[in-house]
Amino acid sequence: MHLPNFLSVRFADALRTLVDDPAPFASMIRSTNDPSFGDYQANCAMPLSKQLGKNPRDLAAEIVERLDVDTCCEPPEIAGPGFINLRLKTSFLLQQLRAMLVDERCLVSVANPKRKVIVDFSSPNVAKPMHVGHIRSTVIGDALARTIGFLGHEVITDNHLGDWGTQFGIIIYGYKHFGDPEKVAKNPVPELASLYRLVNQLIEYRKAKRAAEGLPAQLAEAKSEVENARQTVDATTDPKTLKSAKKSLASAQKKQQALQSQAQSLSEKIEQVESDPTLLAQANDHSDVDHAVLEETVKLHQGDAENLELWTQFLPHCKDEINRIYKRLNVTFDHTLGESFYHPLLPGVVEELEKRGLARDSEGAVCVFLDEFNAPMIVRKKDGAYLYATTDIATLKYRLEEFKPDEILYVVDSRQSEHFDKLFAVAKRIGMQDVKMVHVNFGTVLGENGKPLKTRSGTLIGLEGLLDDAVQRAREVVCNPERLDKIDPPMDDAELTNVAQTVGHGAIKYADLSHHRTSDYSFSLDKMVALEGNTSAYIQYAYARTQGILRKAGQREQEVTSIDPQVTDFTHPAERALAMKLLRFEEALVSVHQDYAPNALVDYLYETAKAYAVFNDNCHVLKAESDAIASLRLALVALTGRVIRLALSLLGINTVPRM
Ligand code: ARG
């Protein structure tokens with residue numbers, strides 16, 4: 001039951017005699033900010049009055065006159081410039097709660113028409129260790145896939161693994177020059193990871209050295225720009241010119257600062273290598289490492305037997321590594337079609353683009369020029385290598401032919417926006433205009449200092465370590481002896497471990513999902529596992545309380561299927577407020593799909609858990625004034641439990657019966 005849509009249908013009927021196309025006006029139903037005005041407000045009278053040349057309040061009265069909402073609403077009230085306030089009738093709410101008790105879907109309707117939606121998510125570049133940045137795509141994509149699927153759409157999940165790029169050039173190079181075949185055979189995952197780290201560090205060192213070369217000159221230039229700008233400021237008396245002179249000074253200073261901090265981070269990178277004699281020697285022996293790595297990658301792509309053999313040997317280990325994390329996070333995919341899968345299709349893609357006149361030669365490379373962008377999309381480099389973009393065009397073609405989707409969602413970092421803008425522009429030009437393609441972009445995970453999250457050594461924090469920390473912290477917070485003393489019968493170790501794991505993993509996922517995906521957020525384990533505030537532990541605890549009450553009542557959640565027929569009214573405002581939240585579940589789910597934003601469901605959960613807390617504080621269930629009232633309250637408890645459990649599961653988060 002989507003209440004605003006349900007009301008819109010009534011409004012559409014009422015508006016039909018006033019306007020030819022009532023749908024856009026009928027759908028202008030919003031929840032009220034202040035419950036004293038009712039539950040929803042219809043905002044159609046104001047815009048429609050302009051179109052019809054009528055007074056908005058008069059028009060609102062006219063609409064109300066024609067509106068048939070007697071069975072569900074109290075008589076509508078007109079307020080302000082022409083808002084129509086709607087308050088749902090108690091009898092209607094109780095009827096809905098009764099229906100909800102016998103509906104597994106908690107009254108969430110099944111989408112019609114049903115859409116076929118591909119969700120491309122997680123998609124890490126394997127061969128390098130997964131870090132905290134990967135959590136966002138994985139967690140957001142999984143939540144979207146689950147929610148959209150639950151709404152009744154057909155969802156196809158695809159992990160577009162980076163299993164073919166430079167990262168393999170890196171480990172192949174590492175293996176050939178630093179690898180110990182015996183060690184790699186025995187312990188492939190950590191060995192390959194350390195080879196990756198080593199070679200990557202050597203590459204970074206080379207890049208840093210090169211960038212640092214030009215830096216003194218740039219710094220000197222920036223310094224003199226600042227000095228010049230300062231002199232201009234000092235010499236200027238005219239207030240108007242002074243303002244612009246000060247502006248130039250500020251921007252010169254900003255530039256200087258940026259260069260200085262760049263110099264700082266470069267010298268740190270260089271220092272890391274140069275302070276370690278072994279590393280330094282390796283760096284000097286492999287001064288050509290970055291080119292050599294590219295060559296290894298090219299050789300792999302061209303089918304060089306040795307490199308292909310190594311790739312075939314390494315890939316399963318890289319996959320094992322990420323699969324372990326997926327298992328821990330309880331994330332699955334229908335398909336894992338990595339970049340390597342599309343490699344044979346790439347020449348055909350370039351050929352087709354050329355044939356259509358979309359791609360052409362430019363200084364030896366093949367490029368697609370798009371009017372709306374400054375830089376073209378390169379689809380084949382001068383040396384014959386294909387690019388990430390070429391693979392994405394091939395992927396798109398494959399998906400269209402194979403799956404015939406209505407929508408494709410790419411859950412990928414905001415930094416790739418330009419890539420996707422171009423990809424979608426190309427897609428339109430090759431006849432894919434009927435598919436809705438969305439870059440579901442997201443921001444960066446920051447440390448508590450506001451900078452991208454890093455460990456002391458400067459590398460990104462590994463995902464597994466983070467999950468371990470979260471579980472450990474959850475154990476301390478949730479399972480502390482004071483809390484546990486009150487739990488009867490006591491928890492055994494298996495239960496404690498399960499609680500810590502459920503809360504710890506939930507904390508990481510929930511914290512990520514609670515921020516709007518496009519904003520950056522600061523990672524703080526302490527806040528994430530807290531029992532108070534907008535955290536998974538708070539929601540999971542609310543759920544556990546519902547289960548505690550049901551246990552005391554001697555009933556299982558599924559056994560609560562009715563409310564005593566004598567109940568015709570609420571006895572406390574907290575009951576009604578909670579009931580309203582429960583009946584708005586579908587609204588939250590639909591907005592997750594509409595905006596591709598799981599935080600809408602998180603906000604909903606938090607609101608619901610808070611409403612439940614108020615209800616708990618004010619309404620006795622087991623010691624209610626009468627059996628009839630007890631049955632209403634027990635129904636609210638059971639429904640709260642069901643809605644929370646279901647909603648959390650759509651976010652990929654589990655619950656425990658007590659904590
Ligand atoms: N492997 C890429 C990365 O880590 C993300 C791939 C996203 N999906 C896609 N179809 N481009 O940056």
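How much of the chain over residues 539-659 is helix, and how much is strand? That span is 65% helix and 0% strand, and its end C-alpha atoms sit 11 Å apart. Helices here are DSSP runs of H or I with at least four residues, strands are runs of E with at least two, and both are numbered from the N terminus. UniProt, in an unreviewed entry, lists residues 539-659 as "domain: DALR anticodon binding". UniProt positions follow the numbering used here, feature names are shortened, and annotations may be inferred rather than shown by experiment.

Before going further, keep in mind that this is a predicted model: local features need pLDDT of at least 70, side-chain atom pairs count only at pLDDT 80 or more, and totals for chains, interfaces and linings use all residues. Residues are numbered from 1 along each chain as its sequence is written.

**The whole chain**

Zooming out, the protein chain has 26 helices and 13 strands. Its C-alpha atoms fill a box of roughly 85 × 70 × 65 Å, taken along the principal axes. Of its 659 residues, 39% count as buried. Buried means that 20 or more other C-beta atoms lie within 10 Å of a residue's own; exposed means 12 or fewer, partly exposed is in between, and the C-beta atoms are placed from the backbone. The chain is divided into domain 1 (3-88), domain 2 (167-308) and domain 3 (443-530), with bounds from an automatic or database domain assignment. The C-alpha centres of domain 1 and domain 3 lie 46 Å apart.

**Around the ligand**

Which residues surround the ligand? They are Asp 120, Ser 123, Pro 124, Asn 125, His 160, Gly 162, Asp 392, Thr 395, Tyr 410 and Val 412. A residue is near a molecule if its C-beta atom, placed from the backbone, lies within 6 Å of it. Helix 16 (388-403) and strand 10 (407-413) each supply at least two residues of this shell. The shell divides into 3 nonpolar, 5 polar and 2 charged residues.

**A helix with two sides**

Now take helix 5 (residues 90-101). Its buried residues are Gln 96, Leu 97 and Met 100. They cover an arc of only 100° around the axis, so they sit on the same side of helix 5; the arc is that of the directions from the helix axis to the C-beta atoms. Ser 91 and Ala 99, on the other side of helix 5, are exposed.

Most residues other than glycine have a negative phi, and most peptide bonds are trans. Here are two residues that go the other way on phi:

Asn 330 counts as partly exposed because it has 13 C-beta neighbours inside 10 Å, while Glu 363 is exposed, with 6 other C-beta atoms within 10 Å.

There are cis peptide bonds too. The bond from Asn 112 to Pro 113 is cis, with omega near 0°, and Pro 113 is in the loop between helix 5 and strand 5 (116-120). Another cis bond joins Asp 488 and Pro 489, where omega is about -5°.

Conventions: Ala, Val, Leu, Ile, Met, Phe, Trp, Tyr, Cys and Pro count as nonpolar, Asp, Glu, Lys and Arg as charged, and the others, Gly among them, as polar.
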